[in-house]
Number of protein chains: 2
Amino acid sequence: MAGGHGTRFWPRSRRHIPKQLLPIGGQRSLLQETVRRLHPLFSADRVLVVTNEAHAAAVRRQLPQLRRQQVLAEPQGRNTLACLALAAEWIKARESEATMVVLPADHVISDPRGFRRSLRDGCELAEGKPALVTFGIRPTRPDPGYGYIEVGDPIHDAAGGAAWVRSFREKPAAALAKRYLKSGRYLWNSGMFVWRTSVFDTALEQHAPLVRATLRGVFGSSATKLAGRLRRAYRQLPSIAVDVAVMEPAASRRAGGPRVAVIAADLGWNDVGSWVAMPELWGCDQDGNATAGKVVPIESGNCIVYTPERLVALVGVKDLIVVDSDDALLICARDRAQDVRRVTDELKRRGWVRYL
Amino acid sequence: MAGGHGTRFWPRSRRHIPKQLLPIGGQRSLLQETVRRLHPLFSADRVLVVTNEAHAAAVRRQLPQLRRQQVLAEPQGRNTLACLALAAEWIKARESEATMVVLPADHVISDPRGFRRSLRDGCELAEGKPALVTFGIRPTRPDPGYGYIEVGDPIHDAAGGAAWVRSFREKPAAALAKRYLKSGRYLWNSGMFVWRTSVFDTALEQHAPLVRATLRGVFGSSATKLAGRLRRAYRQLPSIAVDVAVMEPAASRRAGGPRVAVIAADLGWNDVGSWVAMPELWGCDQDGNATAGKVVPIESGNCIVYTPERLVALVGVKDLIVVDSDDALLICARDRAQDVRRVTDELKRRGWVRYL
């Protein structure tokens with residue numbers, strides 16, 4: 001899934017280059033890293049990237065090892081349910097039954113071996129049981145910015161400490177997040193999944209029959225008219241997350257149909273939700289400054305500085321986020337990272353589209 | 001006088017482009033504005049610019065209307081006494097007696113008419129009396145960053161409210177600066193002067209005879225060997241300000257010789273000592289942000305932003321100085337502007353000379 005826009009990473013992320021196409025964590029883009037860390041578990045010809053029309057060309061440039069049809073452009077963003085129902089159709093058009101691994105293209109995973117181990121466990125579980133398998137991250141802090149998974153009964157015959165999911169919890173208030181952390185029964189929802197296409201299809205039939213019907217057979221006829229068929233289908237699709245539309249109802253004991261399992265994964269996971277995530281990726285100096293690029297801090301602390309080109313000197317400042325780019329610079333209070341989108345809103349209002 | 005280096009304006013000011021060569025106040029550099037505002041009082045062929053060897057070429061490029069010999073390069077910086085003694089020699093080599101106006105090239109003057117009026121008054125006074133004439137700026141705040149001139153008896157037959165100077169006071173402590181302001185008897189020392197060359201020569205003979213002797217006749221012989229003669233002379237010159245070496249002792253009643261007069265000048269003067277001076281030049285928005293360039297402030301206040309090229313977005317920050325340049329960016333707490341030189345110190349220490 002590489003369809004996001006990531007305005008929270010302005011001025012590095014732009015209309016033409018969203019977060020997942022940026023080398024935020026290192027040398028390669030988050031998307032390139034996502035494909036790369038599948039090796040040797042999955043070969044490149046087993047990868048499908050779903051992105052949007054604006055970014056498909058850039059995605060293809062970043063992943064020259066993929067054939068053209070392995071990069072699929074949605075005509076418009078319709079959240080993860082549409083994206084995954086479409087991806088399942090794409091796979092079904094090629095193989096009647098397959099195991100489908102779902103990965104966001106904009107996460108950082110610092111332990112790729114642990115990641116592949118968890119993925120292998122997840123595939124085994126999904127292939128052995130009619131389950132929608134999620135990956136839960138053991139929380140290290142009471143972060144109210146994540147969705148939480150409530151862990152239920154263990155699945156005794158599965159590897160990797162798998163369990164059934166009791167419930168999904170939306171981003172909780174701070175106090176509730178603390179209780180979740182303390183209880184030890186909650187995991188962060190990583191947004192990564194594994195399921196057999198037939199099991200997902202059953203779940204779609206049960207919980208999102210219209211979406212399933214709208215996309216059914218979209219890859220069946222001639223490839224030349226695919227774009228038109230997709231455009232017509234997408235106009236009718238609701239914009240809804242797969243977690244809300246399928247996973248939450250499926251987790252309910254009363255639902256019947258495929259159940260939801262979770263594998264607690266330790267993989268140095270970071271969803272890189274904003275610049276505030278950077279200290280975890282880059283480390284800090286003794287004054288708490290996390291920097292990427294040439295930075296000269298003078299009596300400055302707890303700053304996050306990303307400057308691939310220019311030198312940045314800080315004098316007597318603290319708790320700042322500084323992000324440089326070719327034509328625009330962001331200076332943001334560290335506790336205001338979520339307000340970076342207000343800059344892009346203001347740029348739109350002023351008509352300064354070249355900076356968007 | 002265009003010999004300064006201005007490290008306080010890093011990253012705009014650099015080794016190769018000091019403050020006076022920068023267009024800090026507007027479109028033209030401070031030096032260009034300094035020459036320009038003399039018109040129509042003095043024509044360009046009456047201007048001598050004293051700078052240093054590193055900047056002479058840039059000075060000539062900025063002032064193509066000057067002939068080569070009108071830009072004089074000191075072999076090393078030796079403060080204002082050496083600079084003015086040298087300039088006086090240069091003038092004497094051309095005219096046996098002249099009125100010499102001394103102007104720093106790095107000040108901003110927003111009322112050029114008032115400036116020329118004061119200058120005319122000063123010239124009249126200097127031509128009528130054997131006086132070293134200074135220009136005092138009426139203080140608008142108890143600024144401890146300036147030298148002060150204590151005003152003595154008025155000179156009744158002079159224009160422009162001229163008075164004799166009772167004493168010069170070095171940068172005072174904050175409490176003393178407040179008393180100076182309250183008393184109404186003190187003016188800021190602008191560092192601008194007028195005197196007849198013969199009067200200045202007499203004062204030099206009295207207060208700085210060795211400097212006078214060292215530079216005497218340096219322009220007399222062949223121009224081809226001037227550089228060598230200057231280099232030898234400058235090695236022996238002390239580094240001392242003309243205020244300390246000549247003006248202060250001359251202001252003392254016991255001194256005899258030329259006395260020191262002051263003209264209280266209202267000319268929108270700003271010595272542009274650091275980035276903190278900018279709000280006065282640029283004005284502020286309703287949140288106290290003083291900006292030059294494309295700036296998008298979101299809930300940010302009291303910031304000073306200079307960005308000729310790039311867009312700068314501020315989110316939830318206050319009291320910052322932000323200065324952008326091609327290859328380096330400064331972010332400095334507003335009350336730490338004087339510590340910008342610590343950046344250049346650190347750059348030297350790291351050997352990152354390209355940023356100096």
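B:Val133 stands opposite B:Val194 in strand S8 of chain B. Strands, numbered from the N terminus, are DSSP runs of E with at least two residues; helices are runs of H or I with at least four. The model is predicted, so local features need pLDDT of at least 70 and side-chain atom pairs count only at pLDDT 80 or more, while totals for chains, interfaces and linings use all residues. Residues are numbered from 1 along each chain as its sequence is written, chains are lettered from A and ligands numbered from 1 in the order in which they are written, and side-chain values use heavy atoms, with hydrogens and water left out.

Two strands pair if DSSP finds at least two bridges between them. Strand S5 (residues 131-137) of chain B runs antiparallel to S8(B), and four bridges join them. Strand S3 (residues 99-102) of chain B also pairs with S8(B) in the antiparallel sense, over four bridges. Here B:Val102 has B:Phe193 as its bridge partner in S8(B). Strand S6 (residues 148-154) of chain B makes three bridges to S8(B), again antiparallel. B:Tyr148 stands opposite B:Trp188 in S8(B).

Strand S8 (residues 186-196) of chain B is largely enclosed by the rest of the structure, because eleven of its eleven residues are buried. Buried means under 20% relative accessible area, exposed means over 50%, and partly exposed lies in between (1.4 Å probe, protein chains only).

Aromatic contacts form the next topic. Rings of Phe, Tyr and Trp (its six-membered ring) pair if their centres lie within 6.5 Å; planes under 30 degrees apart count as stacked, over 60 as edge-to-face and the rest as tilted. Over all chains, the structure holds 22 aromatic pairs. One of them is stacked: the rings of A:Tyr180 and A:Tyr186 have centres 4.0 Å apart and planes at 15°. Both A:Tyr180 and A:Tyr186 are buried. The pair of B:Trp188 and B:Trp269 is tilted, because the ring centres are 6.4 Å apart and the planes stand at 50°. B:Trp188 lies in S8(B) and B:Trp269 in strand S10 (residues 269-270) of chain B, so the pair ties together parts 81 residues apart in sequence. Both B:Trp188 and B:Trp269 are buried. In chain A, ring pairs link A:Phe9, A:Trp275, A:Trp282 and A:Tyr306 into a cluster.

Charges also sit over rings. This requires NZ of Lys or CZ of Arg within 6 Å of the ring centre and within 35 degrees of the ring normal. B:Arg94 lies over the face of B:Trp90, at 3.8 Å from the ring centre. The charged end of A:Arg350 sits over the ring of A:Trp352, 4.9 Å from its centre.
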